[in-house]
Amino acid sequence: MVMGARWGRRFEPVARCGSEGRSRQAVASDLDGTLLASPSAFPYYMLVALEAGSLARALVLLLSVPLVYLAYIFVSEALAIKALVFISMAGLKVRDVEFASRSVLPRFYADDVHPEAWRVFNSFGKRCIVTASPRVMVEHFAKAFLGADKVLGTELEVSKSGRTTGFVKKPGVLIGEHKREAVLKEFGMNVPDLGLGDSKSDHEFMSICKEAYMVPRTKCDPLPRTKLLSPVIFHDGRLVQRPTPMIALLTFLWLPIGVLLAILRVYTNIPLPERIARYNYRLLGIKLVVKGTPPLAPKPGHPGVLFICNHRTVLDPVVTAVALGRKISCVTYSISKFTEIISPIKTVALSRERDKDAENIRRLLEEGDLIICPEGTTCREPFLLRFSALFAELTDRIVPIAINTKQTVFHGTTVRGHKFFDPYFVFMNPMPTYEITFLNQLPQELTCKGGKSAIEVANYIQRVLAGTLGYECTNFTRKDKYAMLAGTDGRVPSKEKKTEKEEKQPGK
């Protein structure tokens, strides 16, 4: 038991707190170390520094860790948090910090929710989170995934130009007395029915609650993501693992090795025939697992097979060609001129004009096998986005392919970052793994030629691939993903439209 700081109250461990009959009551809870199992917020500052800032800023933040911890131990918790805020956010656009908080942080927060604290917090009708972390960092996750009605956090100073100054607004970092004052200001005389915390700096606000419980700092398995209010389907950012100081250090040490390895893996495979490239994959540490029976190559003068696959990384078509051991073509929504030049397979960009795209797909099928990812964008989590049905109208020779990948250090996809680097980030992982499963060709009665509509065919293939991979089907689209993560519709203007736009601009 822990003695309360103000009125000598004893705080029981949260395991003794009942969760029945709380639907009309209010709870105020700390975040780090309470609703989140880990008491350290450093990984989230690191993610903001890297994703909203730069690699150099993230490195400076990592190098400052010893000084920050010394300040925390020998001076004050507030000074340590102010240092983290200044280094990770000074000079950044608030908009960029908000996007990182919406698109990058939730996945890492969701992997660290304390099961006992969540059991209690989730039982209350009115939920308030009071935290020392900047409000802008935690608010989206707290409201969307934890169901918080209000988030009380440290407020950042923002310049007239919309950039953070690196300093915090008065009354300062929300710890100790400041947490108590914030809770009183929010609730007034109707104090929370229950308070949750994990450290002495929480005792101040916990002591004014009708009940209060401590979350002990003992190791526990985090809450499964499926038990949160919403699933984490979309997220951005390059890092796979939660960047604790040790993980961040190892990542920075691996980075130069990974860059050299990625360049070697990319450029040595470009000139090689696909059958030989598969052996080169083994030599360079790329694990390729092929399941099922790939169809034979089309005979001269005969149209090719249309491969329909889920979309995990930009390299899906290339790796599929290696698994087949022969050249295939692919269509994509956007591709840079340089990537098109160095691609080992023929790549054609879609125009988003239905008739034109249909014509291109038919022409490519006449030339040979073709692969399409009808989701239109990648999804990192075990979910499949809605399939575009255009492909089903163009051929009845359809072979579904289930693709699974494993990346341990870097994600090879991005929404707000530089897509040019996507294939390099895939191959910067120590041992990137691809699992390609060739399913049976669709019987004619399940195609448009057999009387099915294009939407029925697309939905059927989506369900088959989801069942093979153990994924879940959704109705989300590329537009939904980009709206959530980047605030755009995900459209890439064609060269013609770009030219028209430039001509309309004054002075040009």
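**Helices, sheets and single residues**

Modeller: The crossing of helix 2 and helix 4 is right-handed. Bear in mind throughout that this is a predicted model.

Biologist: How does helix 2 run relative to helix 4, roughly parallel or roughly antiparallel?

Modeller: Start from the angle between the axes. The axes of helix 2 (residues 55–63) and helix 4 come within 9 Å and cross at roughly 160°. Angles over 145 degrees count as roughly antiparallel, and that makes helix 2 roughly antiparallel to helix 4.

Biologist: Which residues of helix 2 and helix 4 make the contact?

Modeller: Helix 2 contributes Arg 57, Val 60 and Leu 61, and helix 4 contributes Leu 84, Phe 86, Ile 87, Ser 88 and Met 89. Sorted by class, this contact of helix 2 with helix 4 has 6 nonpolar, 1 polar and 1 charged residues.

Biologist: At what angle do the axes of helix 1 and helix 4 cross?

Modeller: Helix 1 (residues 42–53) and helix 4 (residues 77–89) have axes that come within 8 Å and cross at roughly 20°. Because angles under 35 degrees count as roughly parallel, helix 1 is roughly parallel to helix 4. Helix 1 passes helix 4 in a right-handed crossing.

Biologist: What residues make the contact of helix 1 with helix 4, and how do they divide by class?

Modeller: On helix 1 they are Phe 42, Tyr 45, Val 48 and Ala 49; on helix 4 they are Ile 81, Leu 84, Val 85, Ser 88 and Met 89. The contact of helix 1 with helix 4 has 8 nonpolar residues, 1 polar residue and no charged residues.

Biologist: Now the sheets. In what order do the 7 strands of the open sheet lie?

Modeller: The general idea first: strands of a sheet pair through backbone hydrogen bonds, either parallel or antiparallel. Here 7 strands form an open sheet in the order 10-17-16-11-14-12-13, and the pairing is mixed. Its edge strands are strand 10 (287–292) and strand 13 (346–349), each of which pairs on one side only. Neighbouring strands of this sheet are turned against each other by 25° on average, direction ignored.

Biologist: Which way do strand 10 and strand 17 pair, parallel or antiparallel?

Modeller: Strand 10 pairs with strand 17 in the parallel sense, over 6 bridges.

Biologist: How many bridges join strand 16 to strand 17?

Modeller: There are 6 bridges between strand 16 and strand 17, and these two run antiparallel. In this pairing, Ile 401 stands opposite Phe 438 in strand 17.

Biologist: What lies across strand 11, strand 16 and strand 17?

Modeller: Helix 17 (residues 454–469) lies across strand 11, strand 16 (398–406) and strand 17 (433–438), and runs at about 40° to strand 16. Further along the sheet, strand 11 (residues 306–309) and strand 14 (residues 370–372) run parallel and are joined by 3 bridges. The bridge partner of Ile 308 in strand 14 is Ile 372.

Biologist: How do strand 4 and strand 5 run, parallel or antiparallel?

Modeller: Strand 4 (residues 126–134) and strand 5 run parallel, joined by 4 bridges. Ile 129 stands opposite Val 151 in strand 5. Strand 5 (residues 150–154) is mostly covered, with 4 of its 5 residues buried.

Biologist: On to single residues. Why does Thr 378 count as buried?

Modeller: The test is a cut-off on relative accessible area: buried means under 20%. Thr 378 counts as buried because its relative accessibility is 11%. This residue, Thr 378, lies in the loop between strand 14 and strand 15 (383–384). Not counting residues up to four places away in sequence, Thr 378 touches His 311, Arg 312, Thr 313, Thr 413 and Lys 481.

Biologist: What is Leu 261 in contact with, leaving aside its neighbours within four places in sequence?

Modeller: Leu 261 has its place in helix 11 (residues 245–269). Leaving aside those neighbours, Leu 261 is in contact with Trp 254, Leu 284, Phe 427, Asn 429 and Pro 430. For separation, read C-alpha distances: Leu 261 and Asp 198 are 63 residues apart along the chain, and their C-alpha atoms are separated by 44 Å.

Biologist: Where is the cis peptide bond?

Modeller: Look at omega. The cis peptide bond joins Lys 170 and Pro 171, with omega about 15°. Pro 171 sits in the loop between strand 7 (164–168) and helix 9 (177–187).

Terms used. Residues numbered from 1 in each chain as written. Predicted model: local features only at pLDDT ≥ 70, side-chain atom pairs only at ≥ 80, totals over all residues. Heavy atoms only, no water. Axes fitted to C-alpha atoms, helices over the stretch in contact; angles between N-to-C directions. Parallel < 35°, antiparallel > 145°, perpendicular 65-115°, else oblique. Left-handed = near helix turned anticlockwise from the far one by under 90°. Contact = heavy atoms within 4.5 Å. Nonpolar A, V, L, I, M, F, W, Y, C, P; charged D, E, K, R; others polar. Pairing = 2+ DSSP bridges. Buried < 20%, exposed > 50% of the residue type's maximum accessible area, 1.4 Å probe, protein only.
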